[in-house]
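Colleague: I am new to this structure. Could you show me how to read its main features?

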Amino acid sequence: MPFRGLNMQHRCFGTPNSRLRGDLVQDLYLKELRAYKPTPIKTSDSESHVQKFSAPKAPHSPDEGDIAQDLKAYEDQQVELEGQATPGEAAAPEESWFEEEDWDEDGEKAAGSH
């Protein structure tokens with residue numbers, strides 16, 4: 001057997017080590033990051049995005065004479081409550097929603113009730 005005493009060597013066919021490849025990507029990233037120069041911000045840049053402020057118009061004030069008359073008419077109004085009769089009308093009788101059951105003297109329900 002002729003191969004017994006020979007030392008075998010492994011060959012790599014141009015594939016770089018993953019560690020070296022990672023450093024290459026990192027180096028490219030850092031190089032581009034250092035080379036980046038942001039554009040300076042000008043004061044005129046905001047003018048196209050922000051509207052000029054203008055104060056709103058003052059609200060229209062109602063007439064003072066009408067307010068006094070309206071307030072007096074409001075105070076003179078009669079308060080209307082539900083269930084109360086107005087003067088000159090007969091009061092509506094109150095309805096009783098409670099149903100009383102008929103009981104005998106012995107404490108039993110009367111025969112005519114439910």
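Colleague: How many of the residues in the protein chain are buried?

Modeller: Keep in mind that this is a predicted model. Buried means under 20% relative accessible area. Here, buried residues are 1% of the 114 in the protein chain. The chain's accessible surface is about 13200 Å². Carbon and sulfur atoms hold 54% of that surface.

Colleague: How many helices and strands are there in the protein chain?

Modeller: Two helices and zero strands.

Colleague: Which residue forms a salt bridge with D76?

Modeller: Start with the general idea. Side chains of opposite charge can pair when their charged atoms come close. In this model, D76 pairs with K72. Their closest N and O atoms are 3.5 Å apart. Both residues sit in helix 2, four residues apart, about one turn of the helix. The count for the model is one salt bridge.

Colleague: Why does D76 count as exposed?

Modeller: Exposed means over 50% relative accessible area. D76 counts as exposed because its relative accessibility is 51%.

Colleague: Which residues form the negative surface patch?

Modeller: Asp and Glu count as negative. The patch consists of E100, D102, D104, E105, D106 and E108.

Colleague: Where does E100 lie, and is E100 buried or exposed?

Modeller: E100 lies in the segment after helix 2, which spans 64-76. E100 has 66% relative accessibility, so it counts as exposed.

Key:
Residues are numbered from 1 along each chain as its sequence is written. This is a predicted model: local features need pLDDT of at least 70, side-chain atom pairs count only at pLDDT 80 or more; totals for chains, interfaces and linings use all residues. Side-chain values use heavy atoms; hydrogens and water are left out. Patches are made of residues with over 30% relative accessible area and no salt bridge: like charges are joined within 9 Å, nonpolar side chains (Val, Leu, Ile, Met, Phe, Trp, Tyr) within 5 Å. Accessible areas come from the Shrake-Rupley method with a 1.4 Å probe; for residues, only the protein chains shown count as cover. A salt bridge is a side-chain nitrogen of Lys or Arg within 4 Å of a carboxyl oxygen of Asp or Glu. The place of a charge is taken as NZ of Lys, CZ of Arg, CG of Asp or CD of Glu. Buried means under 20% relative accessible area, exposed over 50%, partly exposed in between (1.4 Å probe, protein chains only).
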